[in-house]
Amino acid sequence: MLAVLNYTLIKYRLPLIVVLHLFFASGALLFSFLLRFDFSLGHDNYPLLFFYSLPISIVVFMLCSGFFNLFQGIWRYVSVDDLKDIVKTSAIASLVFMFVIIISGEFKGYPRSIYVLNFALFIILNGGTRFAIRIFRESFYPRSDTAKNVLIVGAGTAGNEVVKTLKTAKRKDYVPVGFIDRDKTLHGKRIQGIKVLGDITSIRQAVKRHRVHEIFIAIPEATNKLVKEIISASKVNDWGLNFKIVPSMLDIMSGKLLVNQIRDVSIEDLLSRPDIKLNDTHVRKQLAGKTVLITGAGGSIGSEIAYQVAAYSPARIILLDASEMSAYHVDQGLKTRHPGISIHTVVGNLLETGFMEMLFRRYPPDYIYHAAAYKHVHLMEWNPLGCLKNNVLATAHLASMAERFGVKQFVMISTDKAVHPKGIMGISKRLAERVVLERNPSGTLFNVVRFGNVLGSSGSVIPLFKKQIREGGPVTVTSPETKRYFMSIPEAVQLVLQASTLNESKAIFMLDMGNPVKIVDLAKNLIELSGLKTGEDIDIVYTGMRDGEKIEEVLLAEQEDLLPTKFDKIRLQKRNGHDPELVEKFIHELKSNVELANVPSVYRDIKKMIPEMEGPSYDEFVERIFT
């Protein structure tokens, strides 16, 4: 029965609203006369004045209601903006009505107070009906059996929007029970009927008193330190809490989320990272109207580069990836969000000469962001020849193509594992750095951007931890002392794009990674964010260091000098002793030796190119190939 009623109301919604406005217009004038004459229509000719002026009032108020779109609003979402439209409608309609009555000359002695009463009563009837429907819906609409009590941290604009969304939702899955805010002048006051319970120190008490299930952090500009403080202040023994947060500007700029969407608090929100304020004027000037080639575009870093590059309105983006499905997802996402940009998605291998020739001739790129690489440290230890082929030889081939076709700039994404490398992946990236930087002069700017671990990337430990938590544990950590530098993917890519505008040649740009973080602390934070407890619900097991891994990475070698740039979070370093002829000879021999699996020659040449490498030994290198 209720479903039929809802269907009927939706189907005939517009005619019903028009009829209701007809009653508002006529009722406002009727009650104006009744109030003016003590609930009678008066005496003498006043009843005639009412009946003769009623059609005029109805026509004027109905026309004005249509003009100001009062027939189109959704009443269960009525807001102050809707009330403003009602007031404007009533004001204009009342003035027009008064003008018609006076100019016509047919309404001698028409009470002037009627105009004011008519104006006020139309607002009361129209607005009151709408707000009554909203109040009824919010107060009496059935609450879901699984509804959760929610505490909102932040009583500002974002917090108000969150509460409004929750209260007007068709299903009451979340019930706001209170605000938390640092502004002491708000404490004890009510906003949209919800009380501000105190500051962050009051969270634990509010959680217990109101049986809170989830906490929404409605502070879009919240720093990692503040988010961590909120979560720490919310810990209650034997109480599982989930946390959600209004998106940051990084999420919005990268196109992942809209400002009105709420996401789960992620591990990125807890890292004590320096605040980054991006001045994107230089990036926009560089990329607008240009053709940009992104390799590894289906990967976590490559796809983020693609989304952020698209925000600066290039003429064309070429997405190059060896994986069909990865490239497809990015292709569809970009075409949906940026229909004005020409997107060309190409599936292929960087080492295929004919394919690359055809691609560069068809779509000559102005800028190349080279993110394609094998990144899994442990896996690469057992596939050294494949790693060298993909990470070194492919980079060398792409760099040569960039020179031949007059690419303006070539930017390679590197890693802190290239510094004093211990594993094959780090070795391959250090070799790739030399291949890119140690070249004979040409019209192409070659640069490298080096940073540490990127949270959520394909080589990151975070996806593994999440999988282990979903499966009930244990979470495996190599050592309680293992530390790594971390930053979020959008943050890293923003700095990569900004670094590429510095117009330097043959430089390694270092991103400010903040302080290194213990891996075990990341694991504990992820367990807690999942609403579980370390040691009770999920255990942490130490597995010992694996091949190619170090306790702690470094971002700078001893022979590298670090210089400041005009951007606070970016440093520049250049090495002396470049030897393009040696690098060219190495690439030529590596290609042949890898194809022939000439392992002794491969190892000997690597050791000559990277004398500072910390491993593996020759025996370990050979063993991993043939085991």
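Predicted model: local features only at pLDDT ≥ 70, side-chain atom pairs only at ≥ 80, totals over all residues.
At what angle do helix α11 and helix α12 pack, and how far apart are their axes? Residues are numbered from 1 along each chain as its sequence is written, and side-chain values use heavy atoms, leaving out hydrogens and water.

**View 1. Helices α11 and α12 pack together.** Helix α11 (residues 300–310) meets helix α12 (residues 324–337) at an angle of about 15°, and their axes are 11 Å apart. Helices here are DSSP runs of H or I with at least four residues, numbered from the N terminus. Axes are lines fitted to C-alpha atoms over the stretch in contact, with angles from 0 to 180 degrees between N-to-C directions. The pair is therefore roughly parallel (angles under 35 degrees). In contact (heavy atoms within 4.5 Å) are S303, A306, Y307 and A310 of α11 with H329, V330, G333, L334 and R337 of α12.

**View 2. Helices α17 and α19 pack at about 45°.** The axes of α17 (residues 462–470) and α19 (residues 519–529) are 10 Å apart. From α17, I462, F465, K466 and I469 meet I519, L522, A523, L526 and I527 of α19.

**View 3. Look for L95 in helix α4.** Helix α4 covers residues 80–104.

Methods
Helix = DSSP H or I, 4+ residues; strand = E, 2+ residues; numbered from the N terminus. Parallel < 35°, antiparallel > 145°, perpendicular 65-115°, else oblique.
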